[in-house]
Amino acid sequence: MVNRVLIGVVGLVLVVVGGSVLAVGLGVRPPSWWIHQGPHDVLLSDAERTRWRDQGWWWPTVIAVLAVAVLLALVWLWAVLRRHRLMEVLVDTGDGESALLHGRALESVLAGEAGQLDGVERAHVVLTGRRSAPEARVRLLLAPHADPGDVLHRLMGRAGSVRLGAVAASR
């Protein structure tokens, strides 16, 4: 959600600025405060480009700002490319056909089943992997009296054919 909003805002700013620069280049008269005053105006004059060049803080600041921008872009790219959840799961129905289940519905069912185990106060399930070979990450909040090994054994026994990728139990 935040990703889409951020992309939308950046895109809108780029379209407005680019469109206004294009309009000025095509001869539309800009307002007095606008950075361009006509089609032959440049973004930065020679004086503006070389104004801070001989200052000792200028180049380290430029490099630091660019490094932070690249780092933020890489973090954003990593977050976009990383798969958070499995949206659909392909299930063999046993009659030669297959069915698609919504990932969130299956997560809810698995969390409900795990939450019914004795000693489990709360369960959270996230499906990952491929839709033909799903994996489940299960997080359990155990009651103080619960034995983690016993709860894990009962959870794995109820899982049946579902392969659990990682199970984390905490008190």
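**Entry 1, basis.** I worked from a predicted model, in which local features need pLDDT of at least 70, side-chain atom pairs count only at pLDDT 80 or more, and totals for chains, interfaces and linings use all residues. Residues are numbered from 1 along each chain as its sequence is written, and side-chain values use heavy atoms, with hydrogens and water left out.

The elements giving two or more residues are α1 (2-25) and α3 (58-81), and α3 gives the most, with six. Helices here are DSSP runs of H or I, at least four residues, and strands are runs of E, at least two, numbered from the N terminus. I checked L77, found in α3: at 45% relative accessibility, L77 counts as partly exposed (buried is under 20%, exposed over 50%, partly exposed in between).

The 24 residues of α1 should span 34 Å at 1.5 Å a residue, and the end C-alpha atoms are 34 Å apart, which agrees; the expected span is 1.5 Å times one less than the number of residues. After α1 comes G27, with a positive phi near 110 degrees.

D92 stands opposite S98 in β2. Five residues lie between these strands in the hairpin, and G94 in the turn has a positive phi of about 95 degrees. Strands β3 (120-130) and β4 (133-142) are also antiparallel, over 10 bridges, and form a hairpin with two residues between them. The bridge partner of A123 in β4 is L140.

I found one salt bridge in the structure, a term for a Lys or Arg side-chain nitrogen within 4 Å of an Asp or Glu carboxyl oxygen. R154 pairs with D150, the closest N and O atoms being 3.3 Å apart. Both lie in helix α5, four residues apart, about one turn of the helix. R154 is partly exposed at 26% relative accessibility, and D150 is partly exposed at 35%.

Definitions and conventions: Two strands pair if DSSP finds at least two bridges between them. Buried means under 20% relative accessible area, exposed over 50%, partly exposed in between (1.4 Å probe, protein chains only).
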